[in-house]
Amino acid sequence: MEALVAALQDPETRENALLDLSKKRDMFTDLAPILWHSFGVIPALLQEIVSIYPLLSPPSLTNHASNRVCNALALLQCVASHPDTRSEERRVGKECRSRWS
């Protein structure tokens, strides 16, 4: 699992890592904390989401891009729903919202 998480940091290996981790996320009970505490992983997942925005208008999102962003969202949902990372994610979210408002 650690190798797949590390592969998320490299744009060349990210797509396969997203797919594998998303498929196997229920097998790894400690995946969420590892994702949260691994340098560069959360920004990489967010980058996957942001990268599809230009494809939404005009609508040109491909199945491939849709599947890729869905895998990133599944991993972020894993982090947001895990008891060990949920409170940290909410705290960071509040700090970010207060800085931007």
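1. Which residues of helix H2 are buried? The buried residues of H2 (14-24) are Arg14, Ala17, Leu18, Leu21 and Ser22. Buried means under 20% relative accessible area, exposed over 50%, and partly exposed in between (1.4 Å probe, protein chains only). Helices are DSSP runs (H or I, at least four residues), numbered from the N terminus. Seen down the axis of H2, its buried residues fall within an arc of 120°, so they line one face of the helix. The arc is that of the directions from the helix axis to the C-beta atoms.

2. A note on the source: this is a predicted model, in which local features need pLDDT of at least 70, side-chain atom pairs count only at pLDDT 80 or more, and totals for chains, interfaces and linings use all residues. Residues are numbered from 1 along each chain as its sequence is written, and side-chain values use heavy atoms, with hydrogens and water left out.

3. The face of H2 turned away from its buried side carries the exposed residues Asn16 and Lys23. The cover over the buried residues of H2 includes H1, H3, H4 and H5.

4. In H4 (41-50), the residues Val41, Ile42, Ala44, Leu45, Glu48 and Ile49 are buried. Viewed down the axis of H4, its buried residues fall within an arc of 165°, so they line one face of the helix. Their cover includes H1 (2-7), H2, H3 (31-37) and H5.

5. Glu48 belongs to H4 and has a relative accessible area of 5%, so Glu48 counts as buried. Its side chain makes a polar contact of 3.4 Å with the side chain of Arg14. A polar contact is a pair of N or O atoms within 3.5 Å; within protein, one must be able to donate a hydrogen and the other to accept it, and residues adjacent in sequence count only if both atoms are side-chain atoms. Leaving aside neighbours within four places in sequence, Glu48 is in contact (heavy atoms within 4.5 Å) with Arg14, Leu18, Arg68, Val69 and Ala72.

6. Pro11 sits in the loop between H1 and H2. Pro11 counts as exposed because its relative accessibility is 54%. The C-alpha atoms of Pro11 and Ala44 are separated by 8.5 Å, although the two are 33 residues apart along the chain.

7. Leu56 lies in the loop between H4 and H5 (63-81). Its relative accessibility is 43%, so Leu56 counts as partly exposed.

Definitions and conventions: Helix = DSSP H or I, 4+ residues; strand = E, 2+ residues; numbered from the N terminus.
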